[in-house]
Amino acid sequence: MIDAPPQQVFDVLADGWTYSDWVVGTVHVRDVDDSWPRVGSQLHHKAGPWPLSLHDSSTVLACEPPHKMVIRAGLWPAGEAIVVFTLEPVGADATRVRIGEDFAAGPLRWIRNKLNDLVLHRRNMETLRRLSDIATRQKADEAAER
């Protein structure tokens, strides 16, 4: 649960330059298409620790502001995942955010077990915590400006 309305949370998703701030594993955003988060647009990122960092891109597959975004996240040669962000309002000023992630291509698609699921779950919990920090900080900044 994030203490901000869906639009406030979606605004973070819609800012591709913030992905390295809240997506666990993304260490640097190299470029973001001007049309992000329109379907087909991409953000170009670097993931993993130096000097083993991998360069890849993520592509928007669906975008329904402020309720849903689906991206194909690349991390070749490991593969790619389809990630679904679903935002549901809870009251006037809170949002339930769900992340669904499944490997769609590459070697990681075939290595599915309880340990991997646990690691992915923990990673996504931390990702949501970071997303919450950014969304609620923006909400506090806007309140302070009033």
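This report looks at the aromatic pairs of a predicted model and at one residue of a helix.

## About the model

Since this is a prediction, local features need pLDDT of at least 70 and side-chain atom pairs count only at pLDDT 80 or more, while totals for chains, interfaces and linings use all residues. Residues are numbered from 1 along each chain as its sequence is written, and side-chain values use heavy atoms, with hydrogens and water left out.

## Aromatic pairs

Let's start with the rings: the structure holds three aromatic pairs. Rings of Phe, Tyr and Trp (its six-membered ring) pair if their centres lie within 6.5 Å; planes under 30 degrees apart are stacked, over 60 edge-to-face, and the rest tilted. With centres 5.7 Å apart and planes at 90 degrees, Tyr19 and Trp36 are therefore edge-to-face. Tyr19 belongs to helix α2 (residues 19–22) and Trp36 to the loop between β1 (26–32) and β2 (42–47), so this pair ties together parts 17 residues apart in sequence. Helices (H or I, at least four residues) and strands (E, at least two) are DSSP runs, numbered from the N terminus.

Trp22 and Phe85 also pair edge-to-face, at 5.7 Å centre to centre and 70 degrees between the planes. Trp22 is in helix α2 and Phe85 in strand β5 (residues 79–89), so the pair ties together parts 63 residues apart in sequence.

## One cluster

Tyr19, Trp22, Trp36 and Phe85 form one aromatic cluster. Tyr19 and Trp36 are both buried (under 20% relative accessible area, with a 1.4 Å probe and protein chains only). Trp22 counts as buried at 0% relative accessibility, and Phe85 does at 4%.

Methods: Buried means under 20% relative accessible area, exposed over 50%, partly exposed in between (1.4 Å probe, protein chains only).
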